[in-house]
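Welcome, and please open the structure in your viewer. We will walk from stop to stop, and at each one you will hear what to select and what is there.

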Amino acid sequence: MSRRNKITIVGAGNVGATTAHWAVQKHLGDVVLVDIQDGFPQGKALDLAESSPVMGFDCKLVGSCGYDETADSDVVVITAGVPRRKDPKTGQYTSRDELVEINRKIVAGVTKEIATRSPEAVIICVANPLDAMCHVAFHESGFPKERVIGMAGVLDTARYKYFLSEALGVSVEDIHGMVLGGHGDTMVPLPSHTSVAGIPLTELLPQDKIDAIIQRTRKGGGEIVGLLGYSGYYAPAASSCAMVEAIVRDRKRVLPSACLLSGEYGYNDLYIGVPAVLGKNGVERIIEMKLGPKEKDMLEISANAVRDVVKLLPY
Ligand code: APR
């Protein structure tokens, strides 16, 4: 009997459970949800599995606090981590350095468990700070760089396209463009490479409106936190799922992904968001776009921001 694709999602919280939800809805494969809170991944998996007769999917769902069930996964999505929190006593938010230290340990531990049981898997890192956590997963797994990638660009691009479609009153499907760079305030939206069904964006929207949308995109994560009090998860999960789909269906989709660069765009040994062809082997090719001087400067600022976080890591 042929075997279905196997997708492991570590972290059964908001992003992880919602990624599982989209994945089975799209019939992408069997899903194993892993979390440290006993009962949580099992409960999420069972609840979702019980929706299958209504929703019409046959993918199997398993929840576990261990890793044996994850063996021989094709793709592993790592969402395990803690968000930045406000200390109720001091009113202070977790500092960036503290967050790196906490999530580094979580992602390192998870990656080791995954790598021994699924040595051929493609790892998609989602935990934040994203670009730094990709470095952790890369070093701890010992996998080739093509099989350790990060999800940020698809989400940032989705937000950018959504805001543009709203401003232009056209379908989201007709907006083509990309956001590169690191995940954070220094991300690099590329209006000069954005089109509406092939028509350059710059012919359709005045510069001040484009600038406002770029700013809103950069602050997109914070806008949701401001409304909900915690991070968004529908769009992050849909974006993770798009990457999973490109891999398990070998679609060769061109998706902005955090990739370890080896000379591309002039950078070395740094994870940064670039257009990548994703197929069953993970990153099958990185596409080098021609960037203008202003875009190159923005990418440099973004790369420096990523370097600042990466230097906190012990690699
Ligand atoms: N192993 C497995 N699961 C873990 C571990 C661990 N070592 N540590 C934490 N978790 C689990 C938590 O128990 C929780 O269920 O990870 C889950 C995280 O879920 P949420 O707190 O709901 O966070 P979420 O919004 O899903 O974000 C997850 O993605 O976008 C990023 O910044 C975000 O790093 C964060 C991650």
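## Aromatic pairs

A search of the whole structure turns up three aromatic pairs. Rings of Phe, Tyr and Trp (its six-membered ring) pair if their centres lie within 6.5 Å; planes under 30 degrees apart count as stacked, over 60 as edge-to-face and the rest as tilted. Before you go on, note that this is a predicted model, in which local features need pLDDT of at least 70, side-chain atom pairs count only at pLDDT 80 or more, and totals for chains, interfaces and linings use all residues. Residues are numbered from 1 along each chain as its sequence is written, and side-chain values use heavy atoms, with hydrogens and water left out.

Select phenylalanine 138 and tyrosine 271. Their pair is edge-to-face, with 6.3 Å from centre to centre and 65° between the planes. Phenylalanine 138 sits in helix α5 (residues 130–141) and tyrosine 271 in strand β13 (residues 268–279), so the pair ties together parts that are 133 residues apart in sequence. Helices (H or I, at least four residues) and strands (E, at least two) are DSSP runs, numbered from the N terminus. Phenylalanine 138 and tyrosine 271 are both buried; buried means under 20% relative accessible area, exposed over 50%, and partly exposed in between (1.4 Å probe, protein chains only).

Now pick tyrosine 233 and tyrosine 234. This aromatic pair is tilted, at 4.8 Å centre to centre and 35° between the planes. Tyrosine 233 counts as buried at 18% relative accessibility, while tyrosine 234 counts as exposed at 55%.

## Around the ligand

Next, show the ligand. Which residues come nearest to the ligand? Of the 17 residues around it, they are Asn14, Val15, Asp35, Gln37 and Asn128; a residue is near if one of its heavy atoms lies within 4 Å. The shell divides into nine nonpolar, seven polar and one charged residue. Here Ala, Val, Leu, Ile, Met, Phe, Trp, Tyr, Cys and Pro count as nonpolar, Asp, Glu, Lys and Arg as charged, and the others, Gly among them, as polar.

Zoom in on the oxygen atoms of the ligand. A polar side-chain atom of aspartate 35 is 2.6 Å from a ligand oxygen, and one of glutamine 37 is 2.9 Å from a ligand oxygen. From valine 15, a polar backbone atom lies 2.8 Å from an oxygen atom of the ligand. The protein covers 84% of the 730 Å² of accessible area that the ligand has on its own (Shrake-Rupley method with a 1.4 Å probe; for residues, only the protein chains shown count as cover). Colour α1 (14–25) and α4 (96–117) too: these are the elements that give two or more residues to the shell.

## Backbone stops

Most residues other than glycine have a negative phi, and most peptide bonds are trans. Select asparagine 128 and proline 129: a cis peptide bond joins them, with omega about -5°. Proline 129 is in the loop between β5 (122–125) and α5.

Histidine 27, in the loop between α1 and β2 (30–34), has a positive phi near 55°. Histidine 27 is partly exposed, with a relative accessible area of 43%.

Note on methods:
Polar contact = N/O pair within 3.5 Å; in protein donor to acceptor, adjacent residues only side chain to side chain.
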